[in-house]
Amino acid sequence: MNQNKPYPETDSGNLSEQEWTELDRELAQMAEETPEMPADFHAQWTERIREEAAREEEKQGEETREKENREKASEKKKENRGQWRYILSAAAVFVFLITGTLLSRNNRDRATNSPIKTETETQRTETAAGSAAKSAANGIAADADDDVAVRAEYDTLGGADFAVPEAEESAEAEEAAEIRVYSYRAEKTAGAAEQDAGARRDTYRAENAAEAPAMMAAAYESPAENAGEETEEAAEEEAEREAETAESEAPAPEEKQEAAAAGKAEAETGKKTTEIGEETISFMKDMGRFALSALPWVLGGAGLAFLAALIDRTIRERRNRKQ
Amino acid sequence: MDELLLKWAQRGDPEAFERLMAPLEARIWRICWHYTGDREAASDCGQEAMVRIWRGLGNYRGECAFETWVYRIAANCSMDWLRKKKRDRSESIEPMREAGFDPADPRPGTEEQALRKDEHRRLRESIARLPEDQREALVLTQLEGVSYEAAAEQLGVSEGTVKSRVNRAKARLKEWLAEDGELSPGKSVQQKERRDRP
């Protein structure tokens, strides 16, 4: 079996030729005595390899499943963590904004309600209301025919009411003063006309009562005189017509009441409209002030949220890089 | 060796592995037998070697010839078996021998055959003690009958290197065997006869 000859030229020069031969023979015997490979060796090792392959497949499948499960679990964890983080940051920003806004509002209210400021503002309001009422009264009195009387009466009756005690706002006081003055003037005009008509009627009746019999007699006695009397009579008639006209022009007491009621209703409607408008304006002003006061907090909150998002992103990027 | 089969086997195809290893199985078994000197042990070592080759196939990068890599694994398996056997014997039989117990050889055969087997066992044990490069060269050329040229190609060295390794291995074997007694089985038999004579 062994075709290779021993190699005599070696570093083991101590070995004799006989020793070489003996060793070679020994090795050759060993080689010759090598038995044949068992027939079932192939089947044995192939079976073992198949078992091994099946075991590896199973192991790999389990590992893959475990890995998938782990990945799923970690993804879920990440998702939950992310959700919670977003919810918490949003809640923090919300709380920050609300708290900040409330605090700033409280500070503003405290500053508004401070004693010094209140006093000053009251004085200012009083002055404004008084001047408004006065100017309204003055203007109306100037327009009226009997401005002196109207003003005097107005001052006595209503002007003082509008001036200040409740420290109303100037525009409202002006409006109310105007409405009252108009009502008062209408009443006054109606009363004056009535008085005038009554006076004229009385005068005419008195004259008629005294002069009518004499006039009748004179007419029978002389035509020339009658002519003069006729002239007087015509004048009287004319005066009477005028009186009637004046009487008819002057409103009756019922009409007067109706006009007063209508004026009052109109004034009330106007007042209500004005009040609504005022309320709307004040609401809008409040909202504007509120928005202005909340603006720094909103900006601060937005800045914080941006910062938090930036930090979160940086941390995630680092984690991804590590993974 | 078929490269394609190797790739398929590396991917975990057992059929490709079977086809790849079929031409090498006989030599693997013989190498195991040379080390162990026992049919059953050679079969066990051969199977173990096949499994190790299968498991380690993914790590084979073609740095040496595939056959060399395979034979080394078979030799290592056989060496492990020998070490284990030695350990077991020292644990079980040696204390008994020290106590005066001499177990008889259960297998039938002449005394000369027994002595020759003993000689071969000692020779195999000495071969197992050799350095790996010398052992590979000796087993391939002296026991497997591979020519120096083919062995050099298989081991990836020059033919002269193979020859040198073989001679050095032989010299060591000779020394070790001379320390234990005579090399020739004939001489051993004569010595035995002389010892047994009254």
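**Figure 1. Chain B is built from 10 helices and 0 strands.** The model is predicted. Read along the sequence, the pattern of chain B is α-α-α-α-α-α-α-α-α-α. Chain B has 198 residues, of which 33% count as buried. Take the contacts in chain B with a separation of 6 or more: residues 24 or more positions apart account for 63% of them.

**Figure 2. The largest nonpolar core holds 48 residues.** Six members touch the most other members: B:Ile31, B:Cys32, B:Ala49, B:Ala74, B:Ala137 and B:Ala151.

**Figure 3. A close-up of B:Cys32, a member of the largest nonpolar core.** Neighbours within four places in sequence are left aside here. B:Cys32 is then in contact with B:Ala42, B:Cys45, B:Gly46, B:Ala49, B:Ala74, B:Cys77 and B:Ser78. Two of these partners, B:Ala49 and B:Ala74, are also listed among the core residues that touch the most other members.

**Figure 4. Helix α2 of chain B has its buried residues on one face.** The helix covers residues 14–21. Its buried residues are B:Phe17, B:Leu20 and B:Met21. Seen down the axis of α2(B), these residues fall within an arc of 85°, so they line one face of the helix.

**Figure 5. Confidence along chain B, with a close-up of residues 184–195.** The average pLDDT of chain B is 79, and 78% of the residues score at least 70. Over residues 184–195 the pLDDT is below 50. Beyond near neighbours in sequence, that stretch still has 13 contacts in the model. Where pLDDT is low, the predicted coordinates should not be read in detail.

**Figure 6. Chain A is built from 7 helices and 0 strands.** From the N terminus on, its elements run α-α-α-α-α-α-α. Chain A has 323 residues, and buried residues make up 10% of them. Among contacts in chain A with a separation of 6 or more, residues 24 or more positions apart account for 80%.

**Figure 7. A:Ala302 on helix α7 of chain A.** Helix α7 spans residues 253–322 and contains A:Ala302. Is A:Ala302 buried or exposed? A:Ala302 has 12 other C-beta atoms within 10 Å, so A:Ala302 is exposed; the cut-off for exposed is 12 or fewer. A:Leu97 lies 205 residues away from A:Ala302 in sequence. In space, the two are 9.4 Å apart, C-alpha to C-alpha.

**Figure 8. The contact between chain A and chain B.** Chain A puts in 31 residues and chain B puts in 36 residues. On the chain A side, α1 (17–32) and α2 (41–112) each supply at least two residues. Which of the helices gives the most to the side of chain A that touches chain B? That is α2(A), with 11 residues. By type, the chain A side divides into 14 nonpolar, 9 polar and 8 charged residues. For the model, the scores are ipTM 0.71 and pTM 0.44.

**Figure 9. Confidence along chain A, with a close-up of residues 5–13.** Chain A averages a pLDDT of 72. In chain A, 64% of the residues score at least 70. Over residues 5–13 the pLDDT is below 50. This stretch has 15 contacts in the model beyond near neighbours in sequence.

Key: Residues are numbered from 1 along each chain as its sequence is written. Chains are lettered from A and ligands numbered from 1 in the order in which they are written. This is a predicted model: local features need pLDDT of at least 70, side-chain atom pairs count only at pLDDT 80 or more; totals for chains, interfaces and linings use all residues. Helices (H or I, at least four residues) and strands (E, at least two) are DSSP runs, numbered from the N terminus. A residue is buried if 20 or more other C-beta atoms lie within 10 Å of its own, exposed if 12 or fewer, and partly exposed in between; C-beta atoms are placed from the backbone. Two residues are in contact if their C-beta atoms, placed from the backbone, lie within 7 Å. The arc is that of the directions from the helix axis to the C-beta atoms. Ala, Val, Leu, Ile, Met, Phe, Trp, Tyr, Cys and Pro count as nonpolar, Asp, Glu, Lys and Arg as charged, and the others, Gly among them, as polar. pLDDT is the predictor's confidence in each residue, from 0 to 100. A nonpolar core is a set of buried Ala, Val, Leu, Ile, Met, Phe, Trp, Tyr and Cys residues joined through C-beta atoms within 7 Å.
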